[in-house]
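User: I would like to go through this entry with you, if you have a moment. Could we look at the model together?

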Amino acid sequence: MSATLPRELRLGPLRVETPVVLAPMAGVTNEAYRRLCREQGAGLYVCEMITSRGIVERDETTLRMVAFDPAGPGEGHQEIRSVQLYGTDPVYVAKAAEILCAEYGVAHIDLNFGCPVPKVTRRGGGGVLPWKRRLLAEILEQAVRATEPYGVPVTMKTRKGIDAEHLTYRDAGRIAQESGCAAIALHARTVDQAYSGQADWAAIADLVQHVDIPVLGNGDIWEAADAVRMVEETGAAGVVVGRGCLGRPWLFRDLAAAFAGEQVATLPSLGEVSAMMRRHAELLCRHLGEERGCTELRKHIAWYLKGFTAGGELRNSLALVSSLAALDELLGRLDPEEPFPVATLGTPRGRQGSPRRVVLPEGWLEDTDGTGCAVAEDMHSGG
Ligand SMILES: Cc1cc2nc3c(=O)[nH]c(=O)nc-3n(C[C@H](O)[C@H](O)[C@H](O)COP(=O)(O)O)c2cc1C
């Protein structure tokens with residue numbers, strides 16, 4: 001193993017014990033899931049994307065998502081409060097960033113410039129916004145200025161570009177650096193690729209050469225060994241892990257071990273996976289109440305059971321679970337001795353999708369500046 005593996009991650013004044021970040025994932029990385037992952041490893045666990053406008057206008061759904069799990073006695077480390085903001089208007093983004101620092105004690109703010117969802121790109125937001133270089137700079141500069149008095153670092157997360165003909169990541173890296181961002185995370189796909197194909201780690205290596213701020217590499221880390229390989233191949237300062245940890249929060253244990261120089265591949269039996277599902281359910285119910293908590297757990301069931309032989313009927317019942325008592329009864333029917341399905345190791349999980357045409361605002365590609373460009377702020381957080 002390389003002697004040059006980073007042991008920690010520095011984001012401005014913030015020190016993260018291991019250079020591993022849980023990727024923001026809408027509908028997944030709520031306080032319960034972040035807590036579950038944190039119980040396994042060290043790192044930075046970013047909350048689901050929330051909208052700047054939702055914060056500024058005190059939208060109830062948005063504010064409910066800005067929730068952090070206080071660790072009780074004997075429950076390990078306190079969470080580093082890390083929020084991903086979505087925004088297209090520098091004034092809204094700056095105001096939201098300030099509110100998060102002043103009222104919510106947030107310690108890290110990431111800005112989303114990677115979302116490929118048509119309803120977002122149609123308005124010029126997410127992954128297509130970096131095409132407008134001046135607008136991107138205005139947003140980043142104002143966000144950094146707003147959080148500076150609080151000593152809170154701002155990072156940006158982006159993709160390679162809109163498509164192969166319209167790459168933006170190099171300019172985005174330069175702009176992030178000039179604007180005072182503490183790091184840039186690159187999901188090494190273009191917007192039109194969505195989650196299809198393979199992440200192009202060479203682009204991560206290229207960005208590392210191009211900027212002086214830390215680059216966080218993202219895309220297709222399925223095992224801890226992939227994270228080490230990505231860092232070795234690209235020179236990234238750390239990794240951002242999304243789909244690989246779906247149904248496998250223990251991946252963070254392996255990742256922390258890997259960056260501490262140990263090779264660990266946790267292979268839980270079905271009994272241990274059941275215990276993890278139970279803990280996940282308990283945390284969801286603690287935050288959302290039993291009914292909503294169980295409903296939220298449903299989408300995770302297939303990820304947890306991937307590759308195990310649990311029968312179709314039992315899977316279906318688990319995917320409809322509505323109480324902790326019912327969950328216990330169903331989990332009790334699984335064979336606790338069944339070994340981990342090693343054939344699933346190193347294989348993709350979660351969404352993959354297929355390439356698609358990017359929906360852009362009229363004339364979006366015609367100029368690359370975007371000064372004063374009015375992109376309507378979205379209100380809706382999550383999803
Ligand atoms: C269910 C889901 C929700 C996501 N939501 C967000 C989001 O809100 N903000 C964001 O920047 N990226 C989001 N992403 C993208 C991930 O953060 C990450 O960039 C992407 O999945 C690639 O990393 P991976 O190969 O490790 O999964 C989402 C991905 C998934 C699968």
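This is a predicted model: local features need pLDDT of at least 70, side-chain atom pairs count only at pLDDT 80 or more; totals for chains, interfaces and linings use all residues.

User: Understood. How many residues surround the ligand, and which are the closest?

Analyst: The ligand is surrounded by 17 residues. The closest are Gln84, Lys157, Asn218, Asp220 and Arg243.

User: How does that shell divide into nonpolar, polar and charged residues?

Analyst: The shell around the ligand comprises 7 nonpolar, 6 polar and 4 charged residues.

User: What lies 2.6 Å from an oxygen atom of the ligand?

Analyst: That is a polar side-chain atom of Asn218. The backbone takes part as well: a polar backbone atom of Gly242 is 2.8 Å from an oxygen atom of the ligand, and a polar backbone atom of Ala26 is 2.9 Å from a nitrogen atom of the ligand.

User: And how much of the ligand's accessible area does the protein cover?

Analyst: On its own the ligand has 610 Å² of accessible area, and the protein covers 93% of that.

User: Which pocket is taken by the ligand?

Analyst: The ligand takes up the space of the largest pocket.

User: Back to Asp220. Where does it lie, and is it buried or exposed?

Analyst: Asp220 is in the loop between β11 (215–218) and α9 (224–234). Its relative accessibility is 13%, so Asp220 counts as buried, the limit being under 20%. As stated above, Asp220 is also among the residues closest to the ligand.

User: What about the phi of Asp220?

Analyst: Phi of Asp220 is near 70°, which is a positive value in a residue other than glycine. Arg58 also has a positive phi, near 55°, and is likewise a residue other than glycine.

User: Where is Arg58, then?

Analyst: Arg58 is placed in the loop between α2 (52–56) and α3 (60–65). With 39% relative accessibility, Arg58 counts as partly exposed.

User: A change of topic: Thr121. Which helix holds it, and what does its side chain reach?

Analyst: Thr121 belongs to helix α5, residues 118–121. The side chain of Thr121 reaches the backbone oxygen of Val359 at 2.8 Å.

User: Why is Thr121 classed as buried?

Analyst: Thr121 is classed as buried because its relative accessible area is 0%, and buried means under 20%.

User: And Leu297, buried or exposed?

Analyst: Leu297 is buried, with a relative accessible area of 0%. This residue lies in helix α12, which spans residues 290–305.

User: How far is Leu297 from Glu282?

Analyst: The two are 15 residues apart in sequence, and their C-alpha atoms are 9.7 Å apart in space. For Arg253 and Glu282, 29 residues apart along the chain, the C-alpha separation is 20 Å.

User: Where is Arg253, and how accessible is it?

Analyst: Arg253 lies in helix α10, residues 251–259. Its relative accessibility is 38%, so Arg253 counts as partly exposed.

Definitions and conventions. Residues are numbered from 1 along each chain as its sequence is written. Side-chain values use heavy atoms; hydrogens and water are left out. A residue is near a molecule or strand if one of its heavy atoms lies within 4 Å of it. A polar contact is a pair of N or O atoms within 3.5 Å; within protein, one must be able to donate a hydrogen and the other to accept it, and residues adjacent in sequence count only if both atoms are side-chain atoms. Accessible areas come from the Shrake-Rupley method with a 1.4 Å probe; for residues, only the protein chains shown count as cover. On a 1 Å grid over the protein atoms alone, a cavity is a set of points where a 1.4 Å probe fits but cannot get out, and a pocket is an open set with protein on both sides within 12 Å along at least five of seven lines; lining residues have an atom within 4 Å of a point. A molecule sits in a cavity or pocket if more than half of its atoms lie within 2 Å of its grid points. Ala, Val, Leu, Ile, Met, Phe, Trp, Tyr, Cys and Pro count as nonpolar, Asp, Glu, Lys and Arg as charged, and the others, Gly among them, as polar. Helices (H or I, at least four residues) and strands (E, at least two) are DSSP runs, numbered from the N terminus. Buried means under 20% relative accessible area, exposed over 50%, partly exposed in between (1.4 Å probe, protein chains only).
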